[in-house]
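Please read it with the structure open.

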Amino acid sequence: MKVEIINHGSLVSFYPLDDDAREWWDSNVAECPMLGDRYFVEARYAADICNGINAELEEEIECTWCGGECYTTYANRRNELFCSKNHRDASNRALKRFLSKSEEIA
Ligand SMILES: [Zn+2]
């Protein structure tokens with residue numbers, strides 16, 4: 001989910017950039033004025049919306065290997081997160097292959 005947020009002072013504009021963001025907006029934010037594709041919210045309400053967006057983003061962790069949603073996370077030593085041990089191992093193997101190839105070239 002991606003949202004562009006711009007602070008204009010007394011107003012903050014929110015621009016949902018993908019379907020996830022538009023769905024989240026429709027189910028979490030009451031109607032508010034739009035200009036083009038952007039929603040304009042009074043600054044005093046914007047903080048709550050930002051908190052809501054952050055909470056949603058924290059729940060959604062993407063697997064570094066397959067891009068799928070992680071229900072359980074497996075981290076490697078570089079702190080990348082994976083949806084399964086298999087994908088963590090696959091990523092480690094790919095990195096090792098890549099590193100040995102670069103050594104051959106160098
Ligand atoms: Zn995965």
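This is a predicted model: local features need pLDDT of at least 70, side-chain atom pairs count only at pLDDT 80 or more; totals for chains, interfaces and linings use all residues.

The points below go from the whole chain to single residues.

1. The chain is split into domain 1, residues 3–59, and domain 2, residues 74–105. Taken over C-alpha atoms, the centres of domain 1 and domain 2 are 36 Å apart.

2. Overall dimensions. Along the principal axes, the C-alpha atoms fill a box of roughly 60 × 30 × 20 Å. Of the 106 residues, 11% count as buried. Among contacts with a separation of 6 or more, 31% are between residues 24 or more positions apart.

3. Secondary structure. There are 3 helices and 6 strands in the chain. Their order along the sequence is β-β-α-β-β-α-β-β-α.

4. The sheet. An open sheet is formed by 4 strands in the order β1-β2-β4-β3, with antiparallel pairing. The edges are taken by β1 (3–7) and β3 (34–35); each has a single partner strand, so one side of each is left without a neighbour in the sheet. Helix α2 (residues 43–59) lies across β1, β2 and β4 (38–42), and its direction makes an angle of about 120° with β4.

5. The β1–β2 hairpin. Strands β1 and β2 make a hairpin with 3 residues between them, and G9 in the turn has a positive phi of about 100°. The two strands run antiparallel, and 5 bridges join β1 to β2 (residues 11–16). N7 has V12 in β2 as its bridge partner, while E4 stands opposite Y15 in β2.

6. Which side chains of β2 point to the face where they are buried? These are V12, F14 and P16. On its β4 side, β2 pairs with β4 in the antiparallel sense over 4 bridges, and S13 stands opposite F40 in β4.

7. F40. This residue lies in strand β4. Is F40 to be called buried or partly exposed? F40 has 16 C-beta neighbours inside 10 Å; because 20 or more are required for a buried residue and 12 or fewer for an exposed one, F40 counts as partly exposed. Apart from neighbours within four places in sequence, F40 is in contact with L11, S13, C32, P33 and L35. H8 is 32 residues from F40 along the chain, and the C-alpha atoms of the two are separated by 9.5 Å.

8. N79. A backbone angle to check is that of N79, which has a positive phi of about 65° although it is not a glycine. Most residues other than glycine have a negative phi. N79 is placed in the loop between β5 (74–75) and β6 (81–82). With 7 other C-beta atoms within 10 Å, N79 is exposed, because the limit for an exposed residue is 12 or fewer.

Conventions. Residues are numbered from 1 along each chain as its sequence is written. Domain bounds come from an automatic or database domain assignment. Two residues are in contact if their C-beta atoms, placed from the backbone, lie within 7 Å. Two strands pair if DSSP finds at least two bridges between them. Axes are lines fitted to C-alpha atoms, for helices over the stretch in contact, and angles run from 0 to 180 degrees between N-to-C directions.
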